[in-house]
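Let's take a friendly walk through this structure. Have the viewer open, and follow along from one spot to the next.

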Amino acid sequence: MTVDFFNGGYITTGHISDTEFGIMDNSKAYVVKNNIDSCNAVIINNIFNLNFVPVDNHIKLRRENGEIAKRCDCMLYDDAKTEIIIFIELKQRKDAEDAFLDGKEQLKETISFFKDSHPYYIGKKKYAFVANSLSPFVPGLNSSSILKFLNETGFILYVKHKIDIQALTERI
């Protein structure tokens with residue numbers, strides 16, 4: 001099943017130029033511009049105009065057998081669709097390892113649909129985040145798990161509650 005993730009009809013908040021904003025999830029992810037400290041994820045951005053697309057409960061992704069696929073909560077990308085793309089799974093769990101494992105699988109399946117639908121996408125920076133506001137760090141998370149995710153998806157995986165866009169773009 002192919003889906004145009006960049007379809008303008010999927011964007012719920014476009015051309016976000018705020019230096020900080022939050023993302024919350026209440027059955028469908030949404031952008032918050034005030035009181036962001038309690039948000040599931042906080043985005044720090046002073047580089048791009050970003051487009052926000054909720055994925056879970058917004059874009060229908062079905063496996064070949066007709067079942068609903070695992071989906072991450074949202075996607076952010078720059079206006080030009082060439083500089084940066086970020087898939088985010090929002091969690092609010094005390095068990096950081098369980099949240100990470102579950103979120104990682106949701107991200108992998110969503111990214112698989114994205115890659116099938118956009119095989120020629122040439123974005124310079126591709127990231128995936130598990131943002132767990134209750135337990136933002138996973139003790140014992142090793143680089144082999146992160147490297148395996150990168151090899152399987154082509155996206156760099158992070159576990160962070162705060163996502164600093166400038167810091168991401170400065171990394172090699």
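A disulfide here is a pair of cysteine sulfur atoms within 2.5 Å, and the structure holds 0 of them. Cys72 counts as buried because its relative accessibility is 0%, and Cys74 is buried at 0% too. Buried means under 20% relative accessible area, exposed over 50% and partly exposed in between, with a 1.4 Å probe and protein chains only.

A word on the source: this is a predicted model, where local features need pLDDT of at least 70 and side-chain atom pairs count only at pLDDT 80 or more, while totals for chains, interfaces and linings use all residues. Residues are numbered from 1 along each chain as its sequence is written, and side-chain values use heavy atoms, leaving out hydrogens and water.

Now turn to Asp73, in the loop between β5 (50-54) and β6 (74-78); strands are DSSP runs of E, at least two residues, numbered from the N terminus. Asp73 is buried yet has no salt bridge, and Lys91, the nearest side chain of opposite charge, is 6.1 Å away. A salt bridge needs a side-chain nitrogen of Lys or Arg within 4 Å of a carboxyl oxygen of Asp or Glu; Lys and Arg count as positive, Asp and Glu as negative, and His and the chain ends are not counted. A polar atom of the Asp73 side chain does lie 2.8 Å from the backbone nitrogen of Leu90.

Finally, β2 (residues 20-26) and β3 (residues 28-32) pair in the antiparallel sense over 5 bridges; pairing takes at least two DSSP bridges.

Methods:
Helix = DSSP H or I, 4+ residues; strand = E, 2+ residues; numbered from the N terminus. Polar contact = N/O pair within 3.5 Å; in protein donor to acceptor, adjacent residues only side chain to side chain.
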